[in-house]
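Subject: Structure for your review

Dear colleague,

Please find the structure below, together with its sequence. My notes on what was found in it follow.

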Amino acid sequence: MFLARIDGWVTSTVKHASLGEQRLLIGQRVASDGSDVGEPMVLLDPVGARLGSRVLVTSDGDLARQLLKDNRTPSRMIVLGIVDEVHQAAGSGGAR
Amino acid sequence: MRLGIVRGTVVLSVKDPALEGTRFLVVEPIVSAALAARDGRGGGKALVVADHLAPAVGQMVAFVEGREAANPYWPARAPVDAYCSLIVDTFGYEPPKKESEP
């Protein structure tokens with residue numbers, strides 16, 4: 001699991017049948033100091049995150065299969081929750 | 001899933017039987033700067049992505065990588081590690097401004 005910031009959204013008509021009406025957001029993985037890690041990715045969002053939200057993301061494909069009730073789903077990045085606060089020991093890289 | 005732009009296709013006549021009916025796309029992943037610029041560039045290292053949706057060259061897609069890329073073939077097994085999950089119609093992208101930018 002990792003923290004990400006919601007930077008955008010995607011709409012799609014032609015997609016794998018399992019993805020149905022799922023909300024699709026563009027997320028940016030962030031480090032503990034808030035800096036970007038890697039490139040933007042598309043996330044499934046069952047919780048209703050907003051632009052700018054900080055979220056917890058799982059890359060667990062088993063959860064995707066359960067959530068979408070489809071063993072054939074080609075997806076695995078899912079928003080688990082919206083982050084309120086991150087507490088971090090001093091000197092371990094300033095949480096934002 | 002990562003975002004990418006379709007740059008072409010790969011055609012195989014001799015292939016693993018599990019891949020019958022699968023198309024193969026050459027996809028250039030999109031880096032954040034290219035996504036923000038909306039200029040049709042990708043900027044990432046191109047890869048081959050298995051596909052059943054048939055996007056056109058130049059279209060934006062999202063593809064999944066890893067074990068989940070073979071899920072659509074379940075319960076059969078397929079030697080696929082990247083799969084085109086969807087074709088992007090529209091997108092919004094508003095990352096926060098970097099401190100170095102005005």
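Strands, as named in this message, are DSSP runs of at least two residues, numbered from the N terminus, and two of them pair if DSSP finds at least two bridges between them. Please note that this is a predicted model. Its scores are ipTM 0.90 and pTM 0.91. In chain B the average pLDDT is 94, and 96% of the residues score at least 70.

I begin with strand 4 of chain B. This strand covers residues 60–65 and is mostly covered, with 5 of its 6 residues buried. It runs antiparallel to strand 1 (residues 2–10) of chain B, to which 4 bridges join it; here L3(B) is the residue opposite A62(B). Strand 4 is also joined by 5 bridges to strand 5 (residues 82–87) of chain B, again in an antiparallel arrangement, and F63(B) stands opposite C84(B).

The largest nonpolar core contains 46 residues. V61(B), A62(B) and F63(B) are among those with the most contacts inside it, as are V42(A) and L43(A). Setting aside residues up to four places away in sequence, A62(B) touches residues that include V10(A) and V42(A), as well as L3(B) and L86(B).

A further point concerns A36(B), which lies in helix 1 (residues 32–37) of chain B. A36(B) counts as partly exposed because it has 15 C-beta neighbours inside 10 Å, while a buried residue would need 20 or more. Beyond its neighbours within four places in sequence, A36(B) contacts Y93(B) and P95(B). A36(B) and Y93(B) are separated by 57 residues in sequence, yet their C-alpha atoms are 6.4 Å apart.

With kind regards

Terms used:
Residues are numbered from 1 along each chain as its sequence is written. Chains are lettered from A and ligands numbered from 1 in the order in which they are written. This is a predicted model: local features need pLDDT of at least 70, side-chain atom pairs count only at pLDDT 80 or more; totals for chains, interfaces and linings use all residues. pLDDT is the predictor's confidence in each residue, from 0 to 100. A nonpolar core is a set of buried Ala, Val, Leu, Ile, Met, Phe, Trp, Tyr and Cys residues joined through C-beta atoms within 7 Å. A residue is buried if 20 or more other C-beta atoms lie within 10 Å of its own, exposed if 12 or fewer, and partly exposed in between; C-beta atoms are placed from the backbone. Two residues are in contact if their C-beta atoms, placed from the backbone, lie within 7 Å.
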